Amino acid sequence: MKLEGEAKLVRIFLGESDKWQGRPLYEAIVLEAKRAGLAGATVFRGFMGYGAHSRIHSAKILQLSEDLPVCVEIVDTEAKIAAFLPTLDQMVREGLITMEKVEVIQYRARE
């Protein structure tokens, strides 16, 4: 697959304990993105954050350390991302989804 030039980056902010059909939501999103043939997805685990409920989630607070912030980033063409948004809308019941234009400089696999 070749991906160069203008593309879209989708960021999904959610909690580590969020689930989709019995599995972690971040994992389910990545697997669905792969199934949809999107160029790539990465999951980042945060050390600290808060969202719509304004509750601090931090690795320092033992009670909440099992629900740390998680961010999933997905990059692909505008058309492929647009086609994937209804899937995200169905899966993400609580969280934040953002999208921005990005410039892909290099996207290669080792041969």
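# Salt bridges and nonpolar core of a predicted chain

In this predicted model, the side chains of E73 and R11 come together in a salt bridge, with a distance of 2.6 Å from N to O. The pair ties together distant parts of the chain, since E73 belongs to strand 7 (residues 69-76) and R11 to strand 1 (residues 5-15), 62 residues apart.

**Overall fold**

- The secondary structure of the chain amounts to two helices and eight strands, and, read from the N terminus on, the elements follow the order β-β-β-α-β-β-β-β-α-β.
- Of the 111 residues in the chain, buried residues make up 31%.
- The chain exposes about 7800 Å², and carbon and sulfur atoms supply 51% of that area.
- When contacts between residues at least 6 apart in sequence are considered, 74% of them join residues at least 24 apart.

**The R45 and E16 salt bridge**

- R45 forms a salt bridge with E16, in which the closest N and O atoms are 2.8 Å apart.
- This pair also links distant parts of the chain, with R45 in strand 4 (residues 40-45) and E16 in the loop between strand 1 and strand 2 (19-20), 29 residues apart.
- The two partners fall into separate accessibility classes, because R45 is exposed with a relative accessible area of 53%, whereas E16, at 18% relative accessibility, counts as buried.

- The side chains of R35 and E32 meet in a salt bridge with an N to O distance of 3.1 Å.
- Both R35 and E32 lie in helix 1 (residues 25-35), where they are three residues apart, or about one turn of the helix.
- R35 counts as exposed at 59% relative accessibility, while E32, with a relative accessible area of 26%, is partly exposed.
- Salt bridges that share partners also join R11, E73 and E100 into one network.

**The nonpolar core**

- The largest nonpolar core holds 17 residues, of which I12, L25, I29 and I74 touch the most other members.
- Strand 1, helix 1, strand 7 and helix 2 (78-91) each contribute at least two residues to this core.
- I74 is placed in strand 7, and its relative accessibility of 1% means that it counts as buried.
- Apart from neighbours within four places in sequence, I74 is in contact with K8, L9, V10, I12, I29, A33, L38, G40, A41, I81 and F84.
- Residues up to four places away in sequence again being left out, I29 touches I12, L14, V72, I74, F84, L88, M91 and V92.
- I74 and I29 are 45 residues apart in sequence, and their C-alpha atoms are 9.5 Å apart in space.

Key. Residues are numbered from 1 along each chain as its sequence is written. This is a predicted model: local features need pLDDT of at least 70, side-chain atom pairs count only at pLDDT 80 or more; totals for chains, interfaces and linings use all residues. Side-chain values use heavy atoms; hydrogens and water are left out. A salt bridge is a side-chain nitrogen of Lys or Arg within 4 Å of a carboxyl oxygen of Asp or Glu. Helices (H or I, at least four residues) and strands (E, at least two) are DSSP runs, numbered from the N terminus. Buried means under 20% relative accessible area, exposed over 50%, partly exposed in between (1.4 Å probe, protein chains only). Contact means heavy atoms within 4.5 Å. Accessible areas come from the Shrake-Rupley method with a 1.4 Å probe; for residues, only the protein chains shown count as cover. A nonpolar core is a set of buried Ala, Val, Leu, Ile, Met, Phe, Trp, Tyr and Cys residues joined through side-chain atoms within 4.5 Å.
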